[in-house]
Amino acid sequence: MRGASYKTCNPPRAQSKQNSRASEERSVKTFSVLREHSQTKMKPKFGNDLTNVILRQSQVVQTRMAGRAVIKVVNRCNDAKENNSLNLSECQLCQVPDAVFHLMRNTPLTTCNLSGNLLSKIPPKFALKFCLITELNLSHNKMSKLPEELVDCVELQRLDLSHNSYVNLPRVIFRLPKIKTILANNNYIMDVEVEEVQRAKTLEDFDIRENPLTGKSHDGLSQVTNLRVTLTPREIEEWEDLTI
């Protein structure tokens with residue numbers, strides 16, 4: 001019986017020792033890894049620490065600026081509810097926030113000023129939400145296009161696109177049914193379809209100064225007589241001057 005007992009009790013004890021040894025080895029290995037990680041983390045890295053501090057400070061500043069910008073937008077939306085004129089100029093906007101359309105949903109705006117921001121476009125729903133505006137100022141942004149839906153702004157009379165990044169004028173602006181004034185000065189426009197300008201029946205003033213117009217476009221616009229076209233005097237290139 002002793003032999004039988006010896007045979008049945010020893011294998012579990014041996015297995016237990018093996019498990020214990022394996023557990024110890026895992027613990028030692030884990031501790032070693034943690035210690036190495038801790039020592040690596042504690043090594044002085046002045047450059048990285050300084051960078052992290054600057055990044056954290058920058059994030060704090062950006063968060064504060066963003067917070068102030070949001071408050072500014074909300075306050076101006078509240079002002080617009082009183083005077084029907086929305087002025088969101090100099091609000092650091094990269095796009096027109098959806099919240100603006102929500103806040104203005106029951107206000108019949110007559111003017112909208114989005115100048116001095118970082119806008120590259122306005123959304124198609126802009127015209128649907130603000131279809132009764134008579135003036136739209138998009139100057140001093142980074143815009144190079146407009147949505148075709150802008151034609152639904154059936155009361156729009158004055159459109160300011162100056163100081164942007166337009167290379168070509170959006171054709172939709174000449175289809176606005178009541179447009180009187182278009183300011184497109186200080187862009188990068190080279191070619192203008194003179195016939196389109198002339199077909200805009202209600203257009204009275206077209207400012208296209210400070211653009212690199214081709215000779216053909218400049219000459220064509222200078223001969224338009226049914227509206228006032230403001231041009232920068234064209235400098236003749238050396239290759240065009242036959243007297244040289």
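Modeller: This is a predicted model. A search of the whole structure finds 3 aromatic pairs.

Biologist: Why is the pair of Phe-101 and Phe-130 called tilted?

Modeller: The ring centres of Phe-101 and Phe-130 are 5.4 Å apart, and rings pair if their centres lie within 6.5 Å. The planes are 35° apart. Stacked needs under 30 degrees and edge-to-face over 60, so the pair counts as tilted.

Biologist: What does the pair of Phe-101 and Phe-130 tie together?

Modeller: Phe-101 lies in helix H3 (residues 98-103), while Phe-130 is in the loop between helix H4 (125-129) and strand E3 (135-137). The two are 29 residues apart in sequence, so the pair ties together parts separated by that stretch.

Biologist: How do you know whether Phe-101 is buried or exposed?

Modeller: Phe-101 has a relative accessible area of 5%. Buried means under 20%, so Phe-101 is buried. Phe-130, with a relative accessible area of 3%, is buried as well.

Biologist: What makes the pair of Phe-174 and Phe-206 edge-to-face?

Modeller: The planes of Phe-174 and Phe-206 are 80° apart, with 5.9 Å from centre to centre. An angle over 60 degrees counts as edge-to-face, so that name applies to this pair. The pair links distant parts of the chain, 32 residues apart: Phe-174 is in the loop between strand E4 (158-160) and strand E5 (181-183), and Phe-206 is in strand E6 (residues 205-207). Both Phe-174 and Phe-206 are buried.

Biologist: Which residues do ring pairs link into a cluster?

Modeller: Phe-101, Phe-126 and Phe-130.

Biologist: Which residues touch the most other members of the largest nonpolar core?

Modeller: That core has 52 residues, and those touching the most other members are Leu-86, Leu-146, Leu-159, Leu-169, Phe-206, Ile-208 and Leu-221. At least two core residues come from each of helix H2 (46-83), H3, H4 and helix H5 (194-199). H2 gives the largest share, 3 residues.

Biologist: What is Ile-208 in contact with, leaving aside its neighbours within four places in sequence?

Modeller: The contacts of Ile-208 include Leu-169, Ala-184, Ile-189, Val-192, Leu-213 and Leu-221.

Biologist: How many helices and strands does the protein have?

Modeller: There are 6 helices and 7 strands. Along the sequence they follow the pattern α-α-β-α-β-α-β-β-β-α-β-α-β.

Biologist: What share of the protein is buried?

Modeller: Of the 244 residues, 32% are buried.

Terms used
Residues numbered from 1 in each chain as written. Predicted model: local features only at pLDDT ≥ 70, side-chain atom pairs only at ≥ 80, totals over all residues. Heavy atoms only, no water. Phe/Tyr/Trp six-rings, centres within 6.5 Å; stacked < 30°, edge-to-face > 60°. Helix = DSSP H or I, 4+ residues; strand = E, 2+ residues; numbered from the N terminus. Buried < 20%, exposed > 50% of the residue type's maximum accessible area, 1.4 Å probe, protein only. Core = buried A, V, L, I, M, F, W, Y, C linked by side-chain atoms within 4.5 Å. Contact = heavy atoms within 4.5 Å.
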